Amino acid sequence: MSSAKSLNLRARCAECLYQVVDRGRSLSDALPQVQQGIDNAKDKALMAQICYGVLRMLPTLDFCCSKLLDKPLKGKKRVFQFLLYVGLYQLIAMRIPAHAALSETVEGAQSLKAGGLKGMINAVLRNFQRNQAQLLADAEQVETCRYNHPSWFIKKLKSHYPESWQDILMANQQQAPMWLRVNAKQFNKGQYLDHLAQADIAAVGYDALDMGIRLEKPTDVTKLPGFAEGSCSVQDGAAQFAAQLMQVKAGERVLDACAAPGGKTCHMLELAPDIDMTAIDCDPKRLNSVSENLTRLKLAAKLIAADASDIDSWYDGKPFDRILLDAPCSATGVIRRHPDIKWLRRGADIEALAELQWQILCGMWQLLKPGGTLVYATCSVLPEENKQQMIRFLNETQDAKLDSIGPQDTEQSPGWQLLPGENDCDGFYYCRLVKEG
């Protein structure tokens, strides 16, 4: 592959998409790497728009390519398949003039040192222009293209959500809004809304969240009043419920298991600065982001890089009053924010994830004081990772008792499932348990 710095913008996008779809890298990891050397903020934003857009529409783009090419591009030519997706996405969904989209995408072949493919790229894109309406109408007849999700996931949603599966899929295709969490140590929600209004940043509060504010449109954090001084943090509304449900109190010993990037850790400390907080994550690099967030917000916690389920490697023997287990999961509730999840996950992953969650949950329960509280959370919409886990745990764990979050949260149907798009939030699941004794 070519050096990203030598590539034109469309070629960089193709490289990024190849890394995600074919090599299994996350978009949040691959995109910043191919953006290196681009100083222009508009160009960076355009790259992000194209890459996110292609991943949202991948089945439709692939269907159109399959009709326009004799056979898919493979091997060393594989990156040019993604260059075609980039070209098609611009023609279908962006306001870039068609001639500019075409010329820049064709030039991408030259930039990728394959000038001999320019003619083919040009011919496919022009053929698509001539037949666009019919090709897109034909794609609509294919379910995976109509919803632009993998078939295994559509099937699961139909099974679990017979009344609302289409709503979930449609919500996943929307661009997620930007949410803020006001730092309770500095302002209340109303005060910070006033500061945003003075800065001409349109925003609304959400009554169910003590500190949650949704911006009318995404804004660079450097433009948010007092951001560098810790006035607020970027955190989706659904994720903000975690700290509220924990109900931490001064003096308590609290564990945030699987803590990175640290939004929930910091939120709990903002609500109760005098707690004894331990935050664990198995990824030392991601733990750095927890440290950075704590520093900006002037908060303190004990950080441990360890596998939460390998208790002997890190636990000091003192039980915790409260534990937040934001368990590793399929992340199927945050697809609108991370469209690469659709193509990085496989149906076969769910069983293995559920087993990992179970192991960590059983381990964390051992560390909880009698009378203590554990909040189990995922950003998944799949019951195998959520409600079914809690039913099994309550059945098999003698000293576990459900602490209801709301009227729908019962022993027969434990926990609270938020679906993507509800109140403009991500999809999340919460269940609160108390240890009897």
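Modeller: Let us begin with contact, which means heavy atoms within 4.5 Å. By that rule Phe 80 touches Leu 73, Ala 109, Leu 112, Ala 114, Leu 117 and Ile 121, not counting residues up to four places away in sequence. Please note that this is a predicted model, in which local features need pLDDT of at least 70, side-chain atom pairs count only at pLDDT 80 or more, and totals for chains, interfaces and linings use all residues. Residues are numbered from 1 along each chain as its sequence is written, and side-chain values use heavy atoms, with hydrogens and water left out.

Colleague: What makes a set of residues a nonpolar core, and which residues of the largest one touch the most other members?

Modeller: A nonpolar core is a set of buried Ala, Val, Leu, Ile, Met, Phe, Trp, Tyr and Cys residues joined through side-chain atoms within 4.5 Å. Here buried means under 20% relative accessible area, exposed means over 50%, and partly exposed lies in between (1.4 Å probe, protein chains only). The largest nonpolar core has 54 residues, of which Leu 31, Ile 50, Val 54, Phe 80, Leu 84 and Ile 121 touch the most other members. Several helices, including H1 (9–21), H3 (41–56) and H7 (118–140), each supply at least two residues of this core. Helix H5 gives the most, with 10 residues. A second, separate core of 50 residues includes Ile 168, Met 246, Leu 287 and Leu 324. Helices (H or I, at least four residues) and strands (E, at least two) are DSSP runs, numbered from the N terminus.

Colleague: Are Cys 16 and Cys 145 buried or exposed?

Modeller: Cys 16 has a relative accessible area of 0% and is therefore buried. Cys 145, at 6% relative accessibility, counts as buried.

Colleague: How do you know whether Asn 148 is buried or exposed?

Modeller: Its relative accessible area is 7%, so Asn 148 is buried. Asn 148 is found in the loop between helix H8 (143–147) and helix H9 (151–160). Among the residues that Asn 148 touches are Arg 56, Pro 59, Gln 173 and Trp 343.

Colleague: What makes the pair Arg 322 and Glu 252 a salt bridge?

Modeller: A salt bridge is a side-chain nitrogen of Lys or Arg within 4 Å of a carboxyl oxygen of Asp or Glu. In Arg 322 and Glu 252 the closest N and O atoms are 2.6 Å apart, and the pair forms a salt bridge. Arg 322 lies in strand E8 and Glu 252 in the loop between helix H12 (237–246) and strand E5 (253–257), so the pair ties together parts that are 70 residues apart in sequence. Arg 322 is buried at 9% relative accessible area, and Glu 252 is buried at 14%.

Colleague: How many salt bridges are counted by this rule?

Modeller: The count comes to 19 salt bridges. One of them joins Arg 337 to Asp 426, with the closest N and O atoms 2.9 Å apart. Arg 337 is partly exposed, with a relative accessible area of 24%, whereas Asp 426 is buried at 2%. Salt bridges that share partners join Asp 236, Arg 336, Arg 337 and Asp 426 into one network.

Colleague: How do you know that strands E8 and E9 pair?

Modeller: Two strands pair if DSSP finds at least two bridges between them. Six bridges join E8 (residues 320–326) to E9, and these strands run parallel. In E9, Tyr 376 is the bridge partner of Leu 325. Six bridges also join E9 to strand E12 (residues 428–435), and here the strands run antiparallel. Leu 374 stands opposite Leu 433 in E12.

Colleague: Why is strand E9 called mostly covered?

Modeller: Strand E9 (residues 368–378) has 11 residues, and eight of them are buried.
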